[in-house]
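Me: I want to learn to read a few features in this model. Where shall we begin?

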Amino acid sequence: ASFTISLHKVDNTTVMIKLRPGLSPNCQILMKNGVWSELKIKPGENVTFTFTCSTPEKYFITEIQKNIDCVSGPCPFGDVHLYPPGLPRLNRTYIWDVKASTKAGLELKFSTSWLRQIRPGETCPDSISYNINSCIDNATVNIGTFCRNGSVSRVKLLGGVVMSLHLPWHSPLTTSGFNIANRASIKRLCIIESTLKGESSVTLMSPNYPLGFPEDELMTWQFLIPPNMRASVFFHNYSLSNCERKEERVEYYIPGSPSNPEVFKLSDSQPANIAGSFNMSLQGCDQDAQNPGILRLLFQVVVQHPQVDENVTHLVDLSKEKNMTVTIHWEGWPSRMPLMSEPMCLICKDPRTCDRVLTLTSGAVYRISFLCKDLSRLRITAEKGIGCMDIRWCQRKIYSLSVPKAITRLPIRLHKFIWKLLATDLINIEIMSPSLKLQQHVPEQRCNTSYSYSIVSATPETELNVGVFCLGGSIEKIQMRNNITISLKTFSKGFINESVSQDLKMSFVPHIKDECIFTVSPNPKAKVYLQTPNWPYGLPPYVSVSWFIVVPSKQTARLGFSKDRMGVACETGRAYINIKEETLGAEEIVRREDELLPQPRNMHYNFWVNVSNCKPVDKTQLTLQFWVTFADKQIDLGIILAVVAGAGVLTVIGLTVFCVKKKKKTQTPMVGVYNANVNTQIPRKKGLFRKGRQNNESHVYAVIDDAVVYGHLLKESNGSVAPEVDVYRPFDGPIGSLPPSPSPFSFRKDIKRSSNTGEKPLPLTDTDEDTYTFAQQKSGPSEDSGDANEKVMGDTSVPLLENKEQDGLVE
């Protein structure tokens, strides 16, 4: 197809057809005088041409520029037409360059579709866009880029204007959509009029955004709001320049305000809940020539109906609180702010100071209200700090970790309450729940409450996620080193009712050795699951954690592990598990990371479980879970019979002695005859036990080489040779105050080294004395003393123990 373009000279219009940037000339323009890659048609020319390809829109674009002089001649007021007609179907850009005096600005009025400002880089849905530039002397200021279907109804500009309209090749648009309405002096850079109808919002930007507002300039936005609606202003992005003189500010002219204009800094919360139309102006300053900086602003105006409960205020009394902030915000904050198209929900601390996010600080009383149709989308996040720098001042204080009633009374769901507990290096923190106790959230024993606590311990070297806990469990207290963060997080509306029974407290305590110590007092009928902190990512290297399990006096605890091994390989050091009952002479069970964990076993006394990590190899991590159950203690029938038999023997002996003494009193004394074969030693009272501890070694805990089997009796072996044994050296720490800690080297290696040295077995303690064996006669050996000594020296055999329990425990 051929095209003919005829331009009248008086129209002062130029048409340019040229290749798209970056494309090769695979298609050309064919004319009588040859083939061209571009074509320029000047005012007064008549040109006929065609293309050498069937899809010229892929290769060519068209620019149509019209110059309008409003300085030396009359301005063509009225609609601006798309001229000339008959252009080929190419992407078109119409440019109207209007010259005007700075004393008589221009007013551009848009048709009923109006305009919507977009950010740089954004595109319009229909690919039709407008660009407005203001020309003052030789300076050009980009007022903005706009799409159709918005709220911008008029733009007034100081001086001339360059107006551009971009149309895609397939657009059916035949009108420009604006007209030159008037000339008027405005004494400022520009005035943008925005007309809003019904509930809506508009986003606008300062000129030259984001490059910077011109120095020391002034511009105004006029917002036309229906009288029965309310408008609120929100600044979403702004920056300030470096001012030498004056100050950058925002001014509002609000009809009916007692202090027009109302002046605000860009950093202030902007006016909200404005009734009716208002003006907003942006004023620049004289900038530093060496470092001018950038003044820019992106903001939103939201229009909505008055809320029914906007006059309902809620009292938030934080006057007695310290180091606490309360933030009321949109659901998903701060990671997600509501979209500008979503219904607006505002929080107001006075009728004109409202925002989507409102932060209240301790030490004051607030009366807040809500401009929101659906309060269920709002949340509360609070944070409180508690610190201790000197243990002398805060050791005996107990702090309650409960949510203040000022928060729970608000008609908004609490999302999270965070306590930041700060202490110096030598002060530790103890968390307790005296009546309800804590339950650790584990896969086998999940929390089903409406809220839970997440506890994180932060040391200078590492951060330890202690775990997630809820009330109603077995953990009485948790002791941790250094700074702690406790986060209460809610999951349902039931928190309002359940929060009445909050029982979490904390105090500051002296320094502890381990990173974390749990004190567990389970319900005798419950099965308790416990797991190492930092689950499932594993304990940090070289961290030691302990659990102190309280066993009721009439109960027996059964301890078991959820897997056979620790599952960690050590690059440096060793990982240990230590288990020890809190009773004198109790066996301490030690396992390394390369050994099998103990099989389920019975524990008759309060006991410790200690887990100490090494530096793992590669990505292997130490994660351990164990469980504890309880059963009533079973009385051994053999013990009962032995006690009864012993009591019977003592009764018979007592009766015999009594009868003999009585008979001696009534019997006539006999004549004494010397008999050399009779023992003349003074009769001695025999002890209850025939064989004393000094003779039978029953008080020595024996270890049979590598098998590490402990014996409670050593029977006579008729002089057999004793195997290599060593005496178990028990945990020598103070009972009941500190957990057992692993030795710096392998326990079994230590046993082998001791057994090879041939050292004699040590007594259970340094002061172990025979309390029930009488001393031997000093005047001379008795008739059978040699046999007795021979039996004692020969009694060194160690028989295997009879296991009455399948788990290897010895009663």
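Reply: Start with a definition. A salt bridge is a side-chain nitrogen of Lys or Arg within 4 Å of a carboxyl oxygen of Asp or Glu. Bear in mind that this is a predicted model.

Me: Which residues are linked in a network of salt bridges?

Reply: The general idea comes before the case. Side chains of opposite charge can pair when their charged atoms come close. Here the network links Arg574, Arg592, Glu593 and Asp594. Take Arg592 and Asp594: their closest N and O atoms are 3.0 Å apart. Arg592 is buried at 12% relative accessibility. Asp594 is partly exposed, at 37%.

Me: How many salt bridges does the structure hold?

Reply: The count is 21. One of them joins Arg245 and Asp286, with 2.9 Å between the closest N and O atoms. Arg245 sits in strand E21 (residues 243-245) and Asp286 in strand E26 (residues 286-287), so this pair ties together parts 41 residues apart in sequence.

Me: Is Asp286 buried or exposed?

Reply: Use the cut-off: buried means under 20% relative accessible area, exposed over 50%. Asp286 has 13%, so Asp286 is buried. Arg245 has 58%, so Arg245 counts as exposed.

Me: What does Arg249 form a salt bridge with?

Reply: The partner is Glu251. The closest N and O atoms of this pair are 2.8 Å apart. Arg249 has a relative accessible area of 25%, so it is partly exposed.

Me: How many bridges join E18 to strand E27?

Reply: Six bridges join them, and the two strands run antiparallel. Strand E27 covers residues 293-304.

Me: Last, a single residue. Where does Thr62 lie?

Reply: Find the element, then the accessibility, then the contacts. Thr62 lies in strand E7, residues 60-69. Its relative accessible area is 1%, so Thr62 is buried.

Me: Which residues does Thr62 touch, not counting residues up to four places away in sequence?

Reply: Thr62 touches Val15, Met16 and Ile17, and also Leu90, Asn91, Arg92 and Thr93.

Notes: Residues are numbered from 1 along each chain as its sequence is written. This is a predicted model: local features need pLDDT of at least 70, side-chain atom pairs count only at pLDDT 80 or more; totals for chains, interfaces and linings use all residues. Side-chain values use heavy atoms; hydrogens and water are left out. Helices (H or I, at least four residues) and strands (E, at least two) are DSSP runs, numbered from the N terminus. Buried means under 20% relative accessible area, exposed over 50%, partly exposed in between (1.4 Å probe, protein chains only). Contact means heavy atoms within 4.5 Å. Two strands pair if DSSP finds at least two bridges between them.
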